[in-house]
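Hi everyone, thanks for coming. Let's look at one structure together and walk through it piece by piece.

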Amino acid sequence: MEFREMTWKAYYYISQIGNFVLQLLWHILHLIVSIYYFVVGIAHVLESNLISSGLWKKYKAFNGGKVRYLAIVVESEEAYQTSRIIKLLLWLEAIGVKYICLYDAEGVMKKSKDAILEELDNVTIFEEAVEKDKLVSQNCMTLEFASLADGKESVIKAANLLFEKYMKLADLDGDQEEKVFTEAKMANALKAIGCSGPEPDLLLVYGSARCHLGFPAWRIRYTEIVHMGSLAYMRYGSLVKAIYKFTMVRQNYGK
């Protein structure tokens, strides 16, 4: 009886020590990870400040205009921060980016379009620029406002167009190859209804999500996507770094 009781006590104490050691290891691991992210965060802030101040020379001389079309994707909850959106656009203008698409899933920035345009000089809307053939102009910024609804409506219109075309081919008993649905035909249908839009070279995501948040997939087949973190903590230096890295990769790829 005494032996069984001693065995049970030994097992109990060993299990308690084991739990304590596991908890201690967990807290140590959590502390190490927290310290790592804290140090990384401080490093990013210092790096951003160095870039913003112009002390980091390699970031001073680069051509932001090499980004032919830039997409800014913002989580809808953060898209209400109109003042930050305007500040971001002013930074992009200073960097030299001329063609920008502003996207959020719920269309918050589209609803704030007038308020945004009032704070910017020498800017035109993408649709107006297309109509007047001003996309070749380098003297002003061109803005496109997009939302998830735009993508859905575009797909529906393009699908209806293809359906009507295929129904006519079926009635005429035309070439079977013409009846095959392909990505190229979908792209042509989107272009025919005026919803294709330029393909961004670079897409910057502001928010907690690390995805394109429903940005039209047919427009980002070859687009580089960079997560920038929360809009509330956006930094000029981080923006410059993201665009600089893209232009360097594109330059090296071109060679």
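Let me start with one spot: Thr 124 stands opposite Thr 142 in strand E4. These two strands, E3 and E4, pair in the parallel sense over three bridges. For pairing, DSSP has to find at least two bridges between two strands. The names come from DSSP runs numbered from the N terminus, with helices being H or I runs of at least four residues and strands being E runs of at least two.

A quick word on where this comes from: it is a predicted model, where local features need pLDDT of at least 70 and side-chain atom pairs count only at pLDDT 80 or more, while totals for chains, interfaces and linings use all residues. Residues are numbered from 1 along each chain as its sequence is written, and side-chain values use heavy atoms, with hydrogens and water left out.

Now the whole sheet. It is open, has six strands in the order E3-E4-E2-E1-E5-E6, and its pairing is parallel. Which strands stand at the edges? They are E3 (123-125) and E6 (224-229); each has a single partner strand, so one side of each is left without a neighbour in the sheet. On average, neighbouring strands are turned by 25 degrees against each other, direction ignored. That angle is taken between axes, which are lines fitted to C-alpha atoms.

Further along, E2 (residues 99-103) and E4 pair over five bridges, in the parallel sense, and Tyr 103 has Ala 146 in E4 as its bridge partner. E5 (residues 202-206) and E6 also pair in the parallel sense over five bridges, with Glu 224 in E6 as the partner of Leu 202.

Is E4 mostly covered or mostly open? Mostly covered: six of its six residues, 141-146, are buried. Buried means under 20% relative accessible area, exposed means over 50%, and partly exposed is in between, using a 1.4 Å probe and protein chains only. In a regular strand, side chains alternate between the two faces of the sheet. Here Met 141, Leu 143 and Phe 145 point one way, and Thr 142, Glu 144 and Ala 146 the other.

On to the nonpolar cores, which are sets of buried Ala, Val, Leu, Ile, Met, Phe, Trp, Tyr and Cys residues joined through side-chain atoms within 4.5 Å. The largest has 38 residues, and Ile 72, Leu 89, Leu 92 and Tyr 206 touch the most other members. Helix H2 gives the largest share, seven residues. Contact means heavy atoms within 4.5 Å. Leaving aside neighbours within four places in sequence, Leu 92 is in contact with residues including Leu 70, Ile 72 and Met 141.

Finally, aromatic pairs. Ring centres of Phe, Tyr and Trp (its six-membered ring) must lie within 6.5 Å; planes under 30 degrees apart are stacked, over 60 edge-to-face, and the rest tilted. How many pairs does a search of the whole structure find? Three. Tyr 36 and Tyr 37 form an edge-to-face pair, 5.3 Å centre to centre with 75 degrees between the planes. Tyr 36 is exposed at 52% relative accessibility, and Tyr 37 is exposed at 58%. Trp 91 and Tyr 236 are edge-to-face too, at 5.6 Å and 70 degrees. Trp 91 lies in H2 and Tyr 236 in H8, so this pair ties together parts 145 residues apart in sequence. Trp 91 is buried at 16%, whereas Tyr 236 is partly exposed at 25%.

Technical notes:
Axes are lines fitted to C-alpha atoms, for helices over the stretch in contact, and angles run from 0 to 180 degrees between N-to-C directions.
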